[in-house]
Amino acid sequence: MAYAARMLCSITISSCVFSALGQNPDSKRIDHWYFGYGAGLDFSSGTAVADTNGAMHVWKGNTTMSDKEGNLLFYSDGRHVWNAQHDSMPNGDIWGIPPGVFPTDCAISIPKPGDDNIYYIFTSDGTKMSQQNGLQYHIVDMSLQGGLGDVVQKNIPLHSPVTEQLCAVRHGNNCDYWLITHEKHTANYLAFHISGLGVDPIPVVSTNGVSNLPWAQNSAEYTGAIILKAATQGDKLASITNRRWQNTGLSDQVQLSSFDTQTGSVSNSFIIELDSTFSGSCFSPNGQIFYVEHGSYTVELDQFDVSQFDSVAVNNSRFHLRTNSVRTFATDLACANDGKIYGTQPWGYVLNIDSIPVINQPDVWGTGCMIEEWAVGLNGRFSE
C-alpha cells in the first residue's frame, strides 16, 4: 500500500495514500492537506473543503500528517514543522533543506509502527552537487507539549548522496513501511525499512534505476531523477527523470518498475518516453492507470494502462486526454481519500487563480475519467 502519493512538482500536499481506503485504519491520515501559499484542503467530511488556516508558504514539496482518527498533527516543508494550531513546533526549525535548495520531493512523514506518538520526517536536499545534508530524518513526539508535539531529534543522517526522489509504501506485513529513494549518479534504488525498532540505516539496494548520466555529474543544479511516485497498492513505482535541461537532445523519461513490498526490491523496469519536460503524474487509486502530463510548447495529459505491466503493452496503450498549447492542466497530481485525483494549479499566484483541477473518476479509462479544470476553490489561497 502506498504511503506517500503526494503533490510533488510544486508542492507536496498529502502525507499518505492507501489502497482500500475505507477499510484501512490509516486512511484518515490524509484528511488534511496543507500546501502552496497558505492553501489547504480538509477531507474530513468526505468532500474537499478549502482550509485557509495553514501557516506554510512554499512552492516545492511538503508533507502533512494526521492521526488515525483524521485529527491534524503537523505539517512541514522540510525546513520548519508546524503543529495543529499552526504554530511552530518546539525545535521545529529542522533545516533538513538548506537555504537556496529547492528539491521537488523534499519531505515525507511516516508514523513509527506500534507507537501512536512517534513520527519520522524524512528530508532530502538532492538538487545540489554540494548536497550539504543528503537524506536525513527527524523525530516528532506527539505526547509532548500537551499533545501538540515536539521535535525531539533532528538532522539524523541516513544516506548521501541521493537524488530528490522520496516516496514510501506499506510493507507487505501491513504494519511496517518502506522509504524509497534513488542514489545519486548510480542506477541504485534504496529502500529503507521502518519498523517498531525504528529506521534501519542499511537499505535494500536494487540496481534497476536509470543511472544518472555523466553530464549530470557536472551540473550544479540537476540530478536527473527528481520525482518518485508509488501506486496505492505499493507494487508499482514511477520515476521521473529530467534529461532535457542538460542539452542532451533527449526527452524526459518515466521509468516504471515493480516493487516487492515484502523484500523492498525493485525489478521489471522499463521506460516511457515523453515529449520534453514533465508536469503532473499519478497512479489511479486502483493502480491500473498511470496519468502523466508532458510537453513544452504543446502540453498533453495522457493515460497509460498499467494493468498488464509490460513495456510494449504499456507504451502501446497511451490515450490522450487533453492537449493544450497555452497552459498545463496540473503541475502535479495526487490521490485523495475520496477516490479522486487533485492537481496543483500552475502559476495560480501569478494569474490570481485560487482553484485547482480534479480528475473525478480516475479509475475509469478514457474521457470517462472526467477531468475538470478550476474544480475546487481554495478561498483566496494559491497552490503555487
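How many aromatic pairs does a search of the whole structure find? In this predicted model, the search turns up 13 of them.

Take W178 and F259 to begin with. Their ring centres sit 6.4 Å apart and the ring planes meet at 80 degrees, so this pair counts as edge-to-face, the cut-off for that label being over 60 degrees. W178 belongs to strand β13 (residues 177–182), while F259 is part of strand β19 (residues 253–259), so the contact ties together parts that lie 81 residues apart in sequence. As for solvent, both W178 and F259 are buried.

Then there is the pair made by F319 and W365. Here the centres are 6.0 Å apart and the planes are at 55 degrees, so the pair is tilted. F319 sits in strand β24 (residues 319–324), and W365 is found in the loop between β27 (355–359) and β28 (371–377), so this pair ties together parts 46 residues apart in sequence. Buried would call for under 20%.

Aromatic residues also turn up in a group, with W33, F43 and Y342 forming one cluster.

Note on methods. Residues numbered from 1 in each chain as written. Predicted model: local features only at pLDDT ≥ 70, side-chain atom pairs only at ≥ 80, totals over all residues. Heavy atoms only, no water. Phe/Tyr/Trp six-rings, centres within 6.5 Å; stacked < 30°, edge-to-face > 60°. Helix = DSSP H or I, 4+ residues; strand = E, 2+ residues; numbered from the N terminus. Buried < 20%, exposed > 50% of the residue type's maximum accessible area, 1.4 Å probe, protein only.
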